[in-house]
Amino acid sequence: YMLARDKGPVRKMARDIVDSRRNVAGLFMPIAILIIVSMMIPQLAVYMNLLMLVFIIVMIIDLVLLGRNVNKRVRERYPETTDTGFRLGMYAGVRAMQLRMMRQPKPQVSLGDKV
């Protein structure tokens, strides 16, 4: 049983593409917690603020590239799909931001597998 948002071969391919690669966005929660805790030290607060901003910019770039890659590869295999590019990219981006062990449905491919 799957939620409606996860059904279909297009969504399965998007999940497999995300699950087969390492994503910077998947590190967001652990790094954000470390940065926020270290911001409590006044001498480090300015540097941690800057580090958080740089990390968010890198994460956004990674998510945009992931969305474009997913859309390109899905359109090659399923040219008749009705999923819009933004919607499919957001689906892949949200999945990439989750820790791998907490993703639902569970990853079906290993890191580094060809999709």
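Is Lys12 buried, partly exposed or exposed? Lys12 is partly exposed, with a relative accessible area of 38%. On this scale buried means under 20% relative accessible area, exposed means over 50%, and partly exposed is in between, with a 1.4 Å probe and protein chains only. The structure is a predicted model, in which local features need pLDDT of at least 70 and side-chain atom pairs count only at pLDDT 80 or more, while totals for chains, interfaces and linings use all residues. Residues are numbered from 1 along each chain as its sequence is written, and side-chain values use heavy atoms, with hydrogens and water left out.

The overall layout comes next. The protein has four helices and zero strands, and along the sequence the pattern reads α-α-α-α. Helices (H or I, at least four residues) and strands (E, at least two) are DSSP runs, numbered from the N terminus. The C-alpha trace spans about 55 × 25 × 25 Å along its principal axes. Of the 115 residues in the protein, 37% are buried.

Now consider how the helices pass one another. The axes of H2 and H3 come within 9 Å and cross at roughly 165°. Here axes are lines fitted to C-alpha atoms, for helices over the stretch in contact, and angles run from 0 to 180 degrees between N-to-C directions. H2 and H3 are therefore roughly antiparallel to each other. The classes are set by angle: under 35 degrees counts as roughly parallel, over 145 as roughly antiparallel, 65 to 115 as roughly perpendicular, and the rest as oblique. H2 passes H3 in a left-handed crossing. A crossing is left-handed if the near helix is turned anticlockwise from the far one by less than a right angle, and right-handed if clockwise.

H3 also meets helix H4 (residues 85–97): their axes come within 8 Å and cross at roughly 125°. That makes H3 oblique to H4. The crossing of H3 past H4 is right-handed.

Helix H3 (residues 42–77) contains Ile61. This residue belongs to a nonpolar surface patch of about 620 Å², made by Leu50, Leu53, Val54, Ile57, Val58, Ile61 and Leu65. Patches are made of residues with over 30% relative accessible area and no salt bridge; like charges are joined within 9 Å, and nonpolar side chains (Val, Leu, Ile, Met, Phe, Trp, Tyr) within 5 Å. The areas come from the Shrake-Rupley method with a 1.4 Å probe, and for residues only the protein chains shown count as cover. Ile61 is partly exposed, with a relative accessible area of 48%.

Charged side chains can be followed through the salt bridges. A salt bridge is a side-chain nitrogen of Lys or Arg within 4 Å of a carboxyl oxygen of Asp or Glu. By this rule the protein has six salt bridges. One of them joins Arg11 to Asp83, with the closest N and O atoms 3.2 Å apart. Arg11 lies in helix H1 (residues 9–19) and Asp83 in the loop between H3 and H4, so the pair ties together parts that are 72 residues apart in sequence. Both ends are buried: Arg11 has 7% relative accessibility, and Asp83 has a relative accessible area of 15%.

Lys12, from the opening question, forms a salt bridge with Asp16, the closest N and O atoms being 2.9 Å apart. Lys12 and Asp16 are separated by about one helical turn, because they are four residues apart in helix H1. Asp16 is buried, with a relative accessible area of 10%.

Another salt bridge links the side chains of Asp62 and Arg21 (3.2 Å, N to O). Asp62 lies in helix H3 and Arg21 in the loop between H1 and helix H2 (28–38), so this pair ties together parts that are 41 residues apart in sequence. Asp62 counts as buried at 12% relative accessibility, whereas Arg21 is partly exposed at 25%.

The segment after H4 remains. Pro105 is placed there, and the peptide bond from Gln104 to Pro105 is cis, with omega near -10°. Most peptide bonds are trans. Val115 is also in the segment after H4. Val115 is partly exposed, with a relative accessible area of 27%. Val115 and Lys7 are 108 residues apart in sequence and 18 Å apart in space, C-alpha to C-alpha.
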